[in-house]
Amino acid sequence: MLGENHALIFEFPEHRDKIHQLKVADSDFNALAKRYHQLDHKIRGLETKQVPAEDQYFMQMKLQRVQLKQQIFSILSQSSSVTAE
């Protein structure tokens with residue numbers, strides 16, 4: 001869906017508290033989350049301006065957002081399994 005907000009709290013609502021904790025306690029995670037947020041904001045801006053879907057730059061940004069999201073999920077998953085033990 002065009003212009004949809006992909007903020008981390010919407011993508012991973014079950015990890016909302018953990019996202020906040022990691023942003024505060026882990027500067028690397030905080031930097032990763034900021035990059036993700038900035039990229040998502042930029043993508044949504046382009047989507048509302050109706051950039052053609054085949055635009056190479058646009059597609060690169062969307063791919064980068066997916067990769068960042070995967071990295072973040074991996075960290076959240078590892079962090080959750082550590083705290084569950």
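A crossing of two helices is called left-handed if the near helix is turned anticlockwise from the far one by less than a right angle, and right-handed if the turn is clockwise. In the predicted model described here, helix α2 passes helix α3 in a left-handed crossing. Two packed helices are described by the angle between their axes and the distance between the axes. For α2, residues 16-25, and α3, residues 27-48, the axes come within 6 Å and cross at roughly 115°. On the α2 side, the residues that meet α3 are I19, L22, K23 and A25. Their partners on the α3 side are S27, F29, N30 and A33. The residues of this contact divide into five nonpolar, two polar and one charged.

Along the sequence, the pattern is α-α-α-α. The chain has 85 residues, of which 29% count as buried. Among contacts in the chain with a separation of 6 or more, 68% are accounted for by residues 24 or more positions apart.

Aromatic rings were considered next. The count of aromatic pairs comes to one. The pair is formed by F12 and F73, with 5.5 Å from centre to centre and 25° between the planes. The arrangement counts as stacked because the planes are under 30 degrees apart. The two residues come from distant parts of the chain, 61 residues apart. F12 is in the loop between α1 (8-11) and α2, whereas F73 is in helix α4, residues 56-84. F73, with a relative accessible area of 39%, is partly exposed.

Further residues of helix α4 were examined one by one. F58 has its place in this helix. Its relative accessible area is 3%, so F58 is buried. F58 and K42 are 16 residues apart in sequence, and their C-alpha atoms are 9.5 Å apart in space.

R65 is also found in α4. With a relative accessible area of 9%, R65 is buried. When its neighbours within four places in sequence are left aside, R65 is in contact with H6, Y36, L39, D40 and I43.

K69 is another residue that lies in helix α4. The relative accessible area of K69 is 27%, so this residue is classed as partly exposed, a class that lies between the 20% limit for buried and the 50% limit for exposed. Not counting residues up to four places away in sequence, K69 touches E11, F12 and Y36. F12, one of these partners, is the residue that forms the stacked pair with F73. Y36, another of them, is also in contact with R65. K69 and A7 are 62 residues apart along the chain, and their C-alpha atoms are separated by 9.9 Å.

Notes: Residues numbered from 1 in each chain as written. Predicted model: local features only at pLDDT ≥ 70, side-chain atom pairs only at ≥ 80, totals over all residues. Heavy atoms only, no water. Axes fitted to C-alpha atoms, helices over the stretch in contact; angles between N-to-C directions. Helix = DSSP H or I, 4+ residues; strand = E, 2+ residues; numbered from the N terminus. Contact = heavy atoms within 4.5 Å. Nonpolar A, V, L, I, M, F, W, Y, C, P; charged D, E, K, R; others polar. Phe/Tyr/Trp six-rings, centres within 6.5 Å; stacked < 30°, edge-to-face > 60°. Buried < 20%, exposed > 50% of the residue type's maximum accessible area, 1.4 Å probe, protein only.
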